[in-house]
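My notes follow in the order I looked things up.

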Amino acid sequence: MAWNQPGGNQQDPWRGGGRQQGGNDLEDLLKKLQAKFSGSRGGPQQPTSPKLILLGIAVVAALWLLSGFYRVNEAEQAVILRVGALHKITGPGLQWHLRGVDKVLKINTQLVDSYRHKAQMLTGDNKVVQVAIETQFRVDDPVEYFLKNADPRQALAEAAESALRQVIGGQDMVAIITEARTEVAREVTQILQQYLNQYQAGIEIVTVNLEDANPPGPVKEAFDDVTRAKEDQATFETQAEAYRKEIVAQATGRKQRLLEEASGDKEKVIAEAEGDAARFEKLLIEYEKAPQITRQRLHLETMERVLSGSNKVLLSGDGNQPLLYLPIDKINSRISNMNDSSSIGSSTGGLGTQSSEALKVPTTLPSVRNPIREGR
């Protein structure tokens, strides 16, 4: 006979027997909780107190509330997701969320991170170049960074390679390796930021540095020679420009000096002319007073000025005596030759006898029949 049929023993085989069917499971649970709180050890069980139940619930609720507090640092922002959907964005400070319901995603929006990429690319003139860049970036929109892309860093890597290939494909190889590095980095920064904005990655590009741009290994030495030649060209141009500036500065100074000297000569000539004019006016007044005396004085002053630089000596005689002439210039020339000969003779020791002949002066002097013409 089954246990649940009429006339049976009314015992539940799944409960191990010994318990009646109308037992209350909830009451048994409350009794166990009461026994744990009261610290009883196998003694008689007491009825569960409602106060103890409320106290336990309050403790659990307090622990749950306390566990919901979190701190956001000064440079961070936190994105709160409630049941997987965006709830709000919190700033720095102590914040609270529903533990178990909300999810907190914190990100440092001021930290500058870096990403490096290196690859071989085809240039605009169909040549292969090895390029390496470093991209520095930061998160400027936490919502887009966490919710719009599954992997923002992977989006950054793909966008960086695409932007770099686009820029490299529009430049010649020599320009990329030499003087166009700054321009390439600037264009890559602009295009990369446009791509990231389209992807809604929430990333801001701070800067892009072109760290390396070299030709392939077999032709690297030849391109290095080209680079060194261009550097030498720049050095020579700098030196030539410095020399040009030096020469221009010297010419400018010489020009200024000549202008100042000319200005001084001009003032000197004007002053002398004014002085001569003033003297002439005074002389004119004296001439008008005594013409004969003034004329004779002017004649004597002129002759004195003319004959003062002459090395000839004229001795005038009285009456019909001839005018004596002394060739002082020839005498001085002989004395100079004699001094030279004596210095040579003293060094050689054999020319001392010629000094007496060099000092001979003619005893007779030529006579001059026209003293006035000769004196002039």
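**Helix 7 pairs.** Where do Arg279 and Asp276 lie, and how many residues apart are they? I found both in helix 7, three residues apart, or about one turn of the helix. Helices here are DSSP runs of H or I with at least four residues, strands are E runs of at least two, and both are numbered from the N terminus. Arg279 makes a salt bridge with Asp276, and their closest N and O atoms are 1.9 Å apart. For a salt bridge, a side-chain nitrogen of Lys or Arg has to be within 4 Å of a carboxyl oxygen of Asp or Glu. Arg279 is exposed, at 53% relative accessible area, while Asp276 is partly exposed at 40%. I am using buried for under 20% relative accessible area, exposed for over 50%, and partly exposed for in between (1.4 Å probe, protein chains only).

I then looked up Arg228, which forms a salt bridge with Asp225 at 2.1 Å between the closest N and O atoms. These two are also three residues apart in helix 7 (residues 220–289), so about one helical turn separates them. Both are partly exposed: Arg228 has a relative accessible area of 45%, and Asp225 has 38%. As a reminder to myself, an α-helix has 3.6 residues a turn, so residues three or four places apart point the same way.

**Ground rules.** This is a predicted model, so local features need pLDDT of at least 70 and side-chain atom pairs count only at pLDDT 80 or more, while totals for chains, interfaces and linings use all residues. Residues are numbered from 1 along each chain as its sequence is written, and side-chain values use heavy atoms, with hydrogens and water left out.

**Confidence.** pLDDT is the predictor's confidence in each residue, from 0 to 100. The protein has a mean of 76, and 71% of its residues reach 70 or more. Over residues 1–23 the pLDDT stays under 50, and I see 15 contacts beyond four places in sequence for that stretch. Residues 348–376 are also below 50, with 26 contacts beyond near neighbours in sequence. A contact means heavy atoms within 4.5 Å. Where pLDDT is low, the predicted coordinates should not be read in detail.

**Overall counts.** I noted eleven helices and eleven strands. Buried residues make up 21% of the 376. Among contacts between residues at least 6 apart in sequence, 60% join residues at least 24 apart.

The salt bridge count comes to nine. One of them pairs Arg138 with Glu204, whose closest N and O atoms are 2.7 Å apart. Arg138 sits in strand 7 and Glu204 in strand 8, so the pair ties together parts 66 residues apart in sequence. Arg138 is partly exposed at 26% relative accessibility, and Glu204 is partly exposed at 29%.

**Helix 4.** I listed the buried residues of helix 4, among them Pro152, Ala155, Leu156, Leu164 and Ile168. Their cover includes strand 6, strand 7, helix 3, helix 5, helix 6 and strand 8.

**Surface patch.** Which residues form the nonpolar patch? I got Trp64, Leu65, Leu66, Phe69, Leu94 and Trp96, with about 600 Å² of accessible area together. Patch members have over 30% relative accessible area and no salt bridge; like charges are joined within 9 Å, and nonpolar side chains (Val, Leu, Ile, Met, Phe, Trp, Tyr) within 5 Å. Accessible areas come from the Shrake-Rupley method with a 1.4 Å probe, and for residues only the protein chains shown count as cover. Helix 2 gives the most, with three residues. Leu66 lies in helix 2 and is exposed at 58% relative accessibility.

**Positive phi.** Most residues other than glycine have a negative phi. Asn126 has a positive phi of about 60° and lies in the loop between strand 6 and strand 7. Gln200 has a phi near 55°, in the loop between helix 6 and strand 8.
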